[in-house]
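This report concerns one protein model. Please examine the sequence and the structure shown here before reading further.

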Amino acid sequence: MMMTDEEILKMLEGPTVDATRHQHEALRSILELQGAVSYLRPHLQPYNAPVDAATFSRAVPLSSYDDYVDHINSMANGLVDHDQPLLSVDPLVCFFYSSGTSTMKPKLIPYFDSKLSKAASFIAHKAGGAILRRLFPPRTSVDKILWFLYADNITTTKGGFKVMAASSYPLQNSSSNWSQFQSCSSPREVILGSNVEHQMYCHLLCGLRNCEFIDAIRVPYAIGLIKVFGLLESKWEQLCDDLKRGVPSSDISDVVMRDSVTEVLGGPQPELSSRIRSICEEKNWGGIVCKLWPNVRYIRCVITGSMKQYYPKLKLYAGEVPLLGGDYFASECCVGINLDIMQPPETTRFVLLPTAAYFEFLPFGLDETNVVGEETVDISGVEVGKMYEVVVTTYRGFYRYRLGDIVRVVGFYNSSPQVEFVMRAPKNPSEIVTEKDLMSAMESFQRVLRNDMGAEITEFASFLDLTLTPKELKVYIEVREGCMFLQEDSVVTLKRCGSSMEDSLGGIYMVQRKRGEIRPLAVSIVKPGSFDGLSRLAIENGTPASQYKPPKIIRNRQIVEFIERCILVTVSLDG
């Protein structure tokens, strides 16, 4: 029997009223089922079941991915002993890729067929849809979504298990799941394609063909939409030619994809082509969404965390069309729901779902030492205004697992904490700049750079070079094509502007800089398209196209070597 939206939202509301009780029930359910798996057995064996939350936190150590990697590799290689499961008693279905950004290779996240997890995540997914429909009731006449979906390539482990992006699972699982994508303006063959740049082009072409019927634009992350509009700006003439002829460009080499798009185009569309051409040849991209898709009511993508940097640019493209935020999902589990999706990133709040996993919170101080506490608090012990690293015990094989996300508690929804995403946690004590520090510094730098040189920053990242003595922080910046940085006066201006960046790099950096423990900041301008090249390299190395997020803090030498080959000019801010 189908649930109404009101019933779904009541189910979401219920657990938040008595969050602590539901948290204890979630932990009890997990331990009743999984308490004897290989990972937990050495820690819990001395205790009689049922183990309460305090005993569990005392007996089982905090963990990170490295604590699971041997078990995960054994399972991936098919070394599974059903009599003595490693991480979960539930059947292993496949592996999901993490959205690995600071390293080149994504992590493998095991996906177990867990009834408890399905029940917990069901309400999260359904509630997100109900909240959206409450704001934007479905329309029968305008019912298409320009949905930039990529099924991504699937690989297979030695043990025969499929590996894919979590977002690809509904697309790859079975034909019955395709019903939720029926509103997509692109045919299935585009979603299942293997060349992400060609897929993006075809999604855009199909969206333009159906422009009068597009109700919404959706993409997993804000960066994906930045790439889409960049493609539109560079390829609009070719897109108009394709509409006029009624067939996609010969650049699209996948015959199956070409044929399916040709069918969507429905023959030559000279009038539509002419209308779109007249809009695009003005090259006024502000509010372009309304100009091309007059009936669009919203755009939806993740706009928090490292995606926040793209929000101003997306607002420019969107004009009056609202940008809706997403929910808080990690590869390992659902964390929270965004009840007010109309909020901009700086005021986006997530209500923790007490049934989604068992949550603990590790105190985090954003100061000169970035001190992380050793003792966690549970959902009832968090304090408003304080920052914490999120620790989860999931239904699918992770126990007291540090997600690597720093959140700030901003209030409570009933008795469940409301949190804002602050940043990814530093990986180790040697890191002197956080993702948040870097983004703040780049905002300051962009303001000065725009005023002095009219330059627009499109992407950036940093790397702490510990091989040098003293160590050196390097910042790589890509600017919009057409900005000149090779003239002598431009380098002088760049050096002058750079001081605004250095002043915003956070307490740890400033203290070590004053002590002489770190060299002057090195700022490098890289060629336009360098970060696109980095994304292609990451995708070639297994990162799913749908989940790729450009790194902000680089920790991988291969990434550094690639970026350094793209440098146009480097200045040292040595005063």
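The model is predicted, so local features need pLDDT of at least 70 and side-chain atom pairs count only at pLDDT 80 or more, whereas totals for chains, interfaces and linings use all residues. Residues are numbered from 1 along each chain as its sequence is written, and side-chain values use heavy atoms, with hydrogens and water left out.

Helices (DSSP H or I, at least four residues) and strands (DSSP E, at least two) are numbered from the N terminus. Two strands count as paired if DSSP finds at least two bridges between them. Four parallel strands form an open sheet in the order E3-E6-E7-E8.

A nonpolar core is a set of buried Ala, Val, Leu, Ile, Met, Phe, Trp, Tyr and Cys residues joined through side-chain atoms within 4.5 Å; buried means under 20% relative accessible area (1.4 Å probe, protein chains only). The largest core has 83 residues, and Leu 40, Phe 56, Ile 72, Phe 95 and Phe 359 touch the most other members. Helix H6 (residues 115–135) supplies its largest share, seven residues. A second, separate core of 52 residues includes Val 190 and Ile 217.

Helix H9 (residues 196–209) has 14 residues, of which eleven are buried, including His 198 and Leu 208.

Conventions. Buried < 20%, exposed > 50% of the residue type's maximum accessible area, 1.4 Å probe, protein only. Expected span 1.5 Å × (residues − 1).
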